[in-house]
Amino acid sequence: MSSQNIYILAIESSCDDTAAAVMHNGKILSNIVASQKIHEEYGGVVPELASRAHQQNIVPVVDQALKKAGITKADLSAIAFTRGPGLMGSLLVGTSFAKSLAFGLNIPLIDVNHMQAHILAHYIEEDDFVKPPFPFLAMTISGGHTQIVKVSDYFNMEVIGETIDDAVGEAYDKSGKILGLGYPAGPEIDRRAQLGNAKAFPFPKPKVDGLNFSFSGLKTAILYFIQKQTKNNPNFINEHLDDICASIQYTIIGILIDKLKLASKQTAIKHIAIGGGVSANSGIRAALKSGEQKFGWTTYIPKFEYTTDNAAMIAIVGYLKFLEGNYADQSVMASARLKI
Ligand code: KG4
Ligand code: ZN
């Protein structure tokens, strides 16, 4: 197969990023993302606005991806697209575009599960990145997802734990809203956390059995705590912002690591990979590194641009499915709640 020239164009539009990438035999030639700034003023993604922005962005983003890769539509071997999960209106834009383009070019169409893609992003060919060996545990942490997945092979994955309410990125963003920070608040909380005292304000950890997560109780605890403190001292947030952020981060990372430890113990798997926007977090990175020493883990963090929502991760899944001849047909539909 490797003597063949396989070019995959991949399209991702599941949430608020319109993204396109071109892959050649497993290597990324271009990886373009148009992030939608419009949601910042609303403090969260507004689905209707996201769909409209995808409509505006999709043609220029795909054009740019092809140009940057130095190829034309005629060179493409297949079109891969995110089928789900995600926001229906957003998914429909990428799905319809991909179907039409594949039909027009008369080349295979390949549907991709966004959650599988976050995990398989680790298999993009990159010179200095080591690919996790099977089986491994993948923890996907972002504004939309929080899952622990046992990955036995490329397409043999089992979700063994997931959030029963908010995603971990949402916990960051909603905490930030309470503190009056901008959206998304994760990076700012992370930056301040590194300047503050993590033990300043203890927050309770949720009691959720097994490998599932819950973050909505933490958000409520933070809200009540801040309401109480600002009643006594209206300047409380300003005076203690770094310590508050450090305490929130300490609690959240503690929750994630507790579950990873349990998952590793239950499955006897010590290869641990992460993905999703929250894997940029300094706290989770430090905790994983110390897990290498403490628990004998080997940990894998993909290149940052393959971690947040992007089309390169859709391309690698498209490539792997192309090699298997696993194509979709024109009747394929977007699926907001698609499961792994
Ligand atoms: O993967 P992503 O770009 O989009 C999806 O949600 O799918 O993740 C965005 C999320 C946001 O909730 C943002 O606050 C969070 O990732 N985030 C972080 C950090 N960087 C981004 N959370 C904590 N620490 C960070 N450094
Ligand atoms: Zn995602």
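Analyst: Buried means under 20% relative accessible area. The model discussed here is predicted.

User: What does the value for Phe-201 say: buried or exposed?

Analyst: Phe-201 has 15%. This too is under the 20% cut-off, so Phe-201 is buried.

User: How many aromatic pairs does the structure hold?

Analyst: There are twelve. One of them joins Phe-201 and Phe-236.

User: What makes the pair of Phe-201 and Phe-236 edge-to-face?

Analyst: The centres are 5.6 Å apart, and a pair needs them within 6.5 Å. The planes stand at 65°. Over 60 degrees counts as edge-to-face, so the label holds. Phe-201 sits in the loop between α5 and α6, Phe-236 in helix α7, so the pair ties together parts 35 residues apart in sequence.

User: Why are Phe-213 and Phe-215 called stacked?

Analyst: Their ring centres lie 6.2 Å apart, with the planes at 10°. Under 30 degrees means stacked, so the pair qualifies. Both residues are buried.

User: Which residues do ring pairs link into a cluster?

Analyst: Tyr-123, Phe-134, Phe-136 and Tyr-154.

User: How do you know which protein atoms are donors of the zinc ion (ligand 2)?

Analyst: A donor must lie within 2.8 Å of this metal. NE2 of His-114, His-118 and His-145 and OD of Asp-309 lie 2.1 to 2.3 Å from the zinc ion, so they count.

User: What makes the site of the zinc ion (ligand 2) irregular?

Analyst: The angles among the four donor atoms run from 92 to 162°. A tetrahedral site needs all angles between 85 and 135 degrees, so 162° rules that out.

His-118 in helix α3 and Asp-309 in the loop between β10 and α9 link distant parts of the chain, 191 residues apart.

User: Are His-118 and Asp-309 buried or exposed?

Analyst: His-118 has 2% relative accessibility and Asp-309 has 14%. Each is under 20%, so each is buried.

User: Which residues touch the most other members of the largest nonpolar core?

Analyst: Met-139, Leu-179, Ile-252, Leu-256 and Ile-284, out of 41 residues. Helix α7 gives the most to this core, with 13 residues. A second, separate core has 35 residues, including Ala-21 and Leu-120.

Conventions:
Residues are numbered from 1 along each chain as its sequence is written. Chains are lettered from A and ligands numbered from 1 in the order in which they are written. This is a predicted model: local features need pLDDT of at least 70, side-chain atom pairs count only at pLDDT 80 or more; totals for chains, interfaces and linings use all residues. Side-chain values use heavy atoms; hydrogens and water are left out. Donors are N, O and S atoms within 2.8 Å of the metal (3.2 Å for Na, K and Ca); water is not among the atoms, so sites may look incomplete. Four donors count as tetrahedral if all angles lie between 85 and 135 degrees; four count as square planar and six as octahedral if opposite donors are over 155 degrees apart and all others between 65 and 115; anything else is irregular. Helices (H or I, at least four residues) and strands (E, at least two) are DSSP runs, numbered from the N terminus. Buried means under 20% relative accessible area, exposed over 50%, partly exposed in between (1.4 Å probe, protein chains only). A nonpolar core is a set of buried Ala, Val, Leu, Ile, Met, Phe, Trp, Tyr and Cys residues joined through side-chain atoms within 4.5 Å. Rings of Phe, Tyr and Trp (its six-membered ring) pair if their centres lie within 6.5 Å; planes under 30 degrees apart count as stacked, over 60 as edge-to-face and the rest as tilted.
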